[in-house]
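Me: I am new to this structure and would like to go through it in questions and answers. Please show it first.

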Amino acid sequence: MAHTSSKTPTPSTDPMPSRVDPCLAMLVDRPPKGPEWSFEVKWDGYRLAVHIELGRVRIITRGGYDWTERFPSIADEARRLAVKTAIIDGEAVVLDDKGRSDFGMLQRALGRLPSSYEAGAIVLFAFDLLYLDGRDLRRLPQRERRRLLEPLVAGREGAIRLSEEVDADGEEFLRVACEHGLEGIVAKHRERPYRSGRHPWWLKIKCKRRDSFVLVGFEPSTMPGAIGRLLLAARKGEGLAYVGGCGTGWTHELSRELRKLLEGIATATPAVNLKRKNAVFVEPLLVAEVEYRAWTDEGKLRHPSFKGVRELSDDATVFNITR
């Protein structure tokens, strides 16, 4: 008579997917509330899936490209993990001296043949486990996938590390993250499975930065009488430094009013070292309030949006570049 023990179930042998489209977070304005939500830092890098297979490691990008050769330190670390087969979902980043992910530094590290320093500088923050030793884990709730991931990567200080869950109120965590110059936070519903595509059980909440910059000129719009881009500068030492152009945040009517205002203070001598065909330079008398996401590697504003204008004489808080 055949005997089956409930203590030794037949091992599952789910086929290992050759590729998994990632689960993507939906952008929302505020963190969700409730014990069913977990929170992590939002890393600013490249989304990767690390496939640990029998005899090889493959590193696949969000778009499905095999970038194993571009992340040698992550591939080497993956070979050392105590698994036979696995698919780890995470974000490859380069950290600045304050431990924040810096997309510009990552682009630099990937932009040329990496030296040993640059290769070692790229870290994968692992935040999900989709497959493990013959089991497809995507049908499991997030809390269970997380429970299986943590012993594999927790405590590691090499090229693969655990993206820590933060036990905190979402609003408070967002406030602290923004104060520390992070890009934002991610919230995940603990009871949901892993599904490819964008779903409301993964949420991202971004930090928005807002500062004042001196208006040093504009580029005309193709629409008569309107502005295409405002040219912005920050304080640097005793002078001003160009920090990029801003082309959104105004109505057509406001754009026309801005242009009239700026044409009234036009000058032939730019306040910054900048050559722009068709640009109209102005006296540095006005300040623009600008909301933006971050700084590029070249010292320019990322995704700036115009919020308002006032006279420089009324404002003592123009952004000051100290680096």
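Me: Which residues does Thr-61 touch, not counting residues up to four places away in sequence?
Reply: The model is a predicted one. Thr-61 is found in strand β4, which covers residues 56–61. Leaving out residues up to four places away in sequence, the residues it touches are Arg-47, Leu-48 and Trp-67.

Me: Is Thr-61 buried or exposed, and at what relative accessible area?
Reply: A residue counts as buried under 20% relative accessible area. Thr-61 is therefore buried, as its relative accessible area is 12%.

Me: Which residue has its charged end over the ring of Trp-67?
Reply: Trp-67 is one of the residues that Thr-61 touches. A charged end sits 4.2 Å from the centre of the Trp-67 ring, and it belongs to Arg-70.

Me: How many aromatic pairs are there in the whole structure?
Reply: A search of the whole structure gives the count of aromatic pairs. Ring pairs link Phe-213, Tyr-292, Trp-295 and Phe-319 into a cluster. The total for the structure is eleven.

Me: How many residues apart are Trp-43 and Phe-125, which form an aromatic pair?
Reply: Their rings are stacked, with 3.9 Å from centre to centre and 5 degrees between the planes. Trp-43 is in the loop between β2 (37–41) and β3 (46–53), while Phe-125 is in strand β6 (residues 122–132). Both residues are buried. The pair links distant parts of the chain, and the separation is 82 residues.

Me: What is the angle between the planes of Tyr-194 and Trp-202?
Reply: Tyr-194 counts as buried because its relative accessibility is 3%, and Trp-202 counts as buried at 3%. The charged end of Lys-188 sits over the ring of Trp-202, 4.2 Å from its centre. The rings of Tyr-194 and Trp-202 form an edge-to-face pair, 5.7 Å centre to centre, and the angle between their planes is 90 degrees.

Me: How far apart in space are Arg-135 and Pro-15, C-alpha to C-alpha?
Reply: Arg-135 lies in strand β7, residues 135–136, and counts as partly exposed because its relative accessibility is 37%. In sequence, Arg-135 and Pro-15 are 120 residues apart. In space, the C-alpha to C-alpha distance is 7.9 Å.

Me: What share of the contacts with a separation of 6 or more comes from residues 24 or more positions apart?
Reply: The chain has six helices and 18 strands. Buried residues make up 50% of its 323 residues. Of the contacts with a separation of 6 or more, the share from residues 24 or more positions apart is 68%.

Note on methods: Residues numbered from 1 in each chain as written. Predicted model: local features only at pLDDT ≥ 70, side-chain atom pairs only at ≥ 80, totals over all residues. Heavy atoms only, no water. Helix = DSSP H or I, 4+ residues; strand = E, 2+ residues; numbered from the N terminus. Buried < 20%, exposed > 50% of the residue type's maximum accessible area, 1.4 Å probe, protein only. Contact = heavy atoms within 4.5 Å. Phe/Tyr/Trp six-rings, centres within 6.5 Å; stacked < 30°, edge-to-face > 60°. Lys NZ or Arg CZ within 6 Å of the ring centre and 35° of its normal.
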